[in-house]
Amino acid sequence: MTPFDNAQGRPRDFPVIFDFSVPGRVGSSYPNPDVPDTPLEQLIPASQLRKEPAALPEVSELDVVRHYTRLSHRNFSIDEGFYPLGSCTMKYNPKIHEDAARLAGFARLHPYAPAEGAQGALRLICELEELLAEISGMDRVTFQPAAGAHGELTGLLMIRAYFETRGERRTKVIVPDSAHGTNPATAAMVGYQVVTVKSDARGNMDVRALREAMDGSVAAIMLTNPNTLGLFEEPILDVEEIVHRAGGQLYLDGANFNAVLGVTRPGDQGFDVMHMNLHKTFTTPHGGGGPGAGAVGVKAHLAPFLPVPVIERDGERFRLDDQRPQSIGKIRAFYGNFGNLVRAYAYIRSMGADGLRQVAETAVLNANYLLARLRSRFDLPYDRLCKHEFVLSGARQKRQHGVATRDMAKRILDYGFHAPTIYFPLIVEEAIMIEPTETESKRTLDEFADAMLAIAREAQDDPEVVKTAPHSTPVKRLDEVRAARQPDLRWKPR
Amino acid sequence: MTPRGRGGNVTTGVERRTQHKYIPATDAEREEMLRTIGAASVEELFADIPSRVRLDRPLRLPPALSDPELMAQLRAMADANVHSDRAVCFLGAGAYDHYVPSVVWHLAGRGEFLTAYTPYQAELMQGELQAGYEYQSMLCEITGMGVANASMYDGASAAAEAAVMAKDLTGRGEVLVSTAVHPEYRQVIRTYTAPLGLRVTEIPYRHGLTDLDAVARALSPRTAAIIIQHPNFFGCLEDGAACAELAHRAGALLVCAVAEPLSLGILEPPGAWGADIVAGEGQPLGNHLNFGGPYLGMLATRQEFVRRIPGRLVGATVDAEGRRGFVLTLQTREQHIRREKASSNICTNEALLALAAAIYMASLGKAGFRKVSELNLRKAAYAREAIREIPKFRLAFEVPTFNEFVVRTPLAPEEVNRRLLAAGILGGAPLGRWYPELSDAWLVCVTEQRTKAEIDRLVALLEGFR
Amino acid sequence: MYPKDLRYSSEHEWVRVEGGRVRVGITRFAADRLTDVVFVELPAAGAKVTFMQPFGVVESVKAVSDLYAPLSGTVVEVNPALVDSPEVVNSDPYGKGWMIVVQPDDLRELERLMPVDQYVVAIGEAAP
Ligand SMILES: Cc1ncc(COP(=O)(O)O)c(C=O)c1O
């Protein structure tokens, strides 16, 4: 892949940027000061002056370009191939969105520019709020959260503030056992005790267990719908009734919103608050781990608690309103990951109502098609129509051939695909969670299905090849135990 | 066989469908796939959704736009904004107009980085992981700290997570926060800490600096941390070493927020004077203003606190053949394993901006990083001294500053800004909205982007505003 | 696999009586289930521990488990080797992989722990 790999047939380390450093070399160009060069000691006290310059690498511009270009070749992206990472909605990220977000009027706009000089940006945020309120069936939407988990935090803080103003002391949050880890982690950050409710044999929330757990001490239930098994919560109306009758609030983790766009709206299902991951459903690129953008929609009764500022429209004028006495305050500086709001806005405007509905229908069609092609060779713990994703189990391969789901995931990399999400949700043994998204063609789905079936055969006929995978990646299987036992978290000069 | 809810207008995979460029499936393929599934229609695939919650009408959205129409509309919105290419920017206050070398986004914007997910399959994602490791290393170098994480949401939330981290590390229930910390950071610290019962006590400033006597009086065996910002929100240089000593004598930690990391090119780093946690904003490191986001939360701390650090950490290890490689490590701290006992709920972070910051720091290099820092210092000092000379304008605080300083203006700062904007200048931040006692105060920022001629023009305009 | 001279807790800790004190570790069963142990967090000497309350944490790459005190008492010794070599918990759980030594408040609490034959039944590894 690069001249550094396997030189003379012997593995060599791919260099880090520091390896290229040569004293005196420079990679940037800045003017000399055009203002008087007063001795530094007259500008700041000598005790505050840096004694040793930061040991950043000394490299040329070409060194930088080559190094990071080569690193990019050691990555796997949607641009390169299929990424069926369940729960992550890895759909195509349109290029035009990048052009839009990089327009100088957006990218170089200072957050404290006076409102009269930021009308275009404020309009965009305000219109995006209107669009997402319609799509979700919620009354107001805030864009301050930087990601889904940050949206969960915002949502639960609003619920907490709501009960506080009503003088109600509620101490618990219910989370299904299939929930994403951010749900219980968020509840704990907001000071709630987490109560886990199990799923039933169909993969729905167990309504009887919920009924038992639900009482006046429960502030909220955090539901994902479709849930992390890729299944629509069939008893949603019962859940809604049980929770609301006990005075609780219904929170939706909207990570899986892609499955139901234009088909059903969380607001109409009775949810009081939900977060939307704009970096999943509304296709803002994931950047190798962020930035995301979490939008949080609320019903009117929670609107007074929204983080400040809220963007208000006065006809065709837009302003920031931070005079909201009941607000939870701020959960980050400024207004949110605006660059991603531009992308999400562009996406919704280019899809329209019919397009968004086609997104959901095709995502669900693609998932059910893949499921139909794979079901004979893998265990299927919940045998139902799936929505945008489904969860298989590698238990059979583990038991019969000693091949773990982790091994099969590594083997998929050799076939040129990213692996599905594995070992999540926690309630499925050896879980394999597959989400194809609507942007993949039947041809791609077939190639992936063929690869999965081939791996199931290999697990039986040649388990070693699976257990020692991957074989074709820039590095072979990595020693995570060593990384954790002897943490090496930064480069140091040798 | 075909259950129909009220939402009976589900398309069936035939007619009435316009083919969209982001959705490749054709009608013929849909039919074929439905046959494999054994379903008669796409409608059938939604049979598990109760009809009572089905949407029985199309979403009320504006009609879909073609690409050229979309771009025209977005351009019109962008053009309605006064951005830093159109107006000369003297505005900072936590978001800084720095030069971004061309290489930064040519490289960070590559699809291979941009359209990847979090590196869950390490073998396939060495690029992202190694860049994360390099970022962590460079952040340690500039801050003088032992260990840094792979990114947080932004400076404010990083400061809030640092406060929570200090509570966990010390088992104590109060943080002292200087009022010379960015007002929005303070708001976020309050939001994060309130539900955990962590008390926030604000420490007043005096002459533009955190009042150390007030800190000494407020410190108690309950104090988990003192939180300062350096350079502080007013641009002034705090006596970090004295704060650290006060904190440590009381068994508390010192958290240092850094909103302007380019200051670290010329200032002694927090790690050298005893800070325990550095939490800050990495936007100035190669990231654009973006109307406030996406930005880059930086978090660095002492090596011994590594198991309490929130967020992702990249570590070096070896592969099955002994070759160096990188993985996400010490993950038992995180929500996907520890769930309600995790050190934070953070999952998606700001990896791409950390990558951009790494490329930026590598491009500037050892000498360039110092040079840019020095340019900021010198130009701001020149502007400060020139404004000081204008009759009726005066400096609010007579202490050393980095690239920002506070001016008391004879007209309301908002009015100053209105007049400047008419002349193509984006003026400083009026401080009255956060500090009632500073309603005539104006926070001016001068980065390396400003030329002497621009500064002179600003001064000339101000002279006319008396 | 499971020494006869030890007593066992339902949370997979073992106890060895040494004079008036007890030495505590985790069983082979627990160590195997965790897979490679990468980190052990233990209380300092002098700390109080309470019967069946958590006293520490043991971690592998992908899992975390609380350690439960099989007896109430005071920690008098902590295994210093686990800081740099947590792997001994896997390689030698009953020897080098011990975790703490406790001065028990009441040695009669031992009665509440299982003898080996009962423990192997509990974990489903009794010889048929
Ligand atoms: C079901 C679910 N909930 C919550 C999250 C957290 O979202 P984010 O990573 O944007 O914080 C995710 C994604 O990772 C998810 O899949």
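A:Arg485 reaches across to chain C and pairs up with C:Glu87 in a salt bridge, with the closest N and O atoms 3.8 Å apart. That contact comes from a predicted model, and it is one of two salt bridges counted between chain A and chain C. The rest of the A–C contact can be told briefly. Five residues of chain A touch eight residues of chain C, and about 540 Å² is buried between the two chains, 56% of it on carbon and sulfur atoms. On the chain A side, A:Glu480, A:Val481 and A:Arg485 supply 79% of the area buried against chain C, more than any other three residues.

Chain B is the next partner of chain A. Here 194 residues of chain B and 213 residues of chain A take part in the contact. The size of an interface is often given as the accessible area lost when the parts come together. For chain B and chain A, that comes to about 17600 Å², with 63% of it on carbon and sulfur atoms. In chain B, the residues that lose the most area to chain A are B:Tyr22, B:Glu123 and B:Phe291, yet together they make up 6% of what that side buries.

Side chains of opposite charge can pair when their charged atoms come close. Across the B–A interface, 13 salt bridges are found, while a search of the whole structure, over all chains, gives 81. A:Lys442 makes a salt bridge to B:Glu32, with 3.2 Å between the closest N and O atoms. Within chain A, A:Lys95 forms a salt bridge with A:Asp79, and there the closest N and O atoms are 2.6 Å apart. This pair ties together distant parts of the chain: A:Lys95 sits in helix α3 (residues 95–101) of chain A and A:Asp79 in the loop between α2 (61–73) and α3, 16 residues apart.

Now to the helices. Two packed helices are described by the angle between their axes and the distance between the axes. In chain A, helix α11 (residues 338–374) packs on helix α14 (residues 442–461) at about 30 degrees, the axes being 10 Å apart. Angles under 35 degrees count as roughly parallel, so α11(A) and α14(A) are roughly parallel to each other. The crossing of the two is right-handed. From α11(A), the contact uses A:Asn366, A:Tyr369, A:Leu370, A:Arg373 and A:Leu374; α14(A) brings A:Lys442, A:Leu445, A:Asp446, A:Phe448, A:Ala449, A:Asp450, A:Met452 and A:Leu453. By type, the residues of this contact split into eight nonpolar, one polar and four charged. A:Lys442 belongs to this helix contact and is also the residue that bridges to B:Glu32.

Helix α14(A) has another neighbour in helix α13 (residues 405–414) of chain A, packed at about 130 degrees with the axes 10 Å apart. That angle makes α13(A) oblique to α14(A), and the crossing is again right-handed. A:Met408, A:Arg411 and A:Ile412 of α13(A) meet A:Phe448, A:Met452, A:Ile455 and A:Glu458 of α14(A).

A:Val342, A:Tyr345, A:Ala346, A:Arg349 and A:Ser350 of α11(A) are in contact with B:Leu70, B:Gln73, B:Leu74 and B:Met77 of α2(B). Here the count is six nonpolar, two polar and one charged.

Most residues other than glycine have a negative phi, and most peptide bonds are trans. The bond between A:Val308 and A:Pro309, however, is cis, with omega about -5 degrees; A:Pro309 is found in the loop between β7 (294–298) and β8 (310–314) of chain A. Chain B has a cis bond from B:His230 to B:Pro231, with omega near -15 degrees, and B:Pro231 lies in the loop between β7 (223–229) and α9 (240–249) of that chain. As for phi, A:Tyr423 is not a glycine but has a positive value of about 60 degrees. A:Tyr423 is in the loop between β11 (421–422) and β12 (431–434) of chain A.

Key:
Residues numbered from 1 in each chain as written. Chains lettered and ligands numbered in written order. Predicted model: local features only at pLDDT ≥ 70, side-chain atom pairs only at ≥ 80, totals over all residues. Heavy atoms only, no water. Axes fitted to C-alpha atoms, helices over the stretch in contact; angles between N-to-C directions. Helix = DSSP H or I, 4+ residues; strand = E, 2+ residues; numbered from the N terminus. Parallel < 35°, antiparallel > 145°, perpendicular 65-115°, else oblique. Left-handed = near helix turned anticlockwise from the far one by under 90°. Contact = heavy atoms within 4.5 Å. Nonpolar A, V, L, I, M, F, W, Y, C, P; charged D, E, K, R; others polar. Buried area = accessible area lost by both parts, 1.4 Å probe. Salt bridge = Lys/Arg side-chain N within 4 Å of Asp/Glu carboxyl O.
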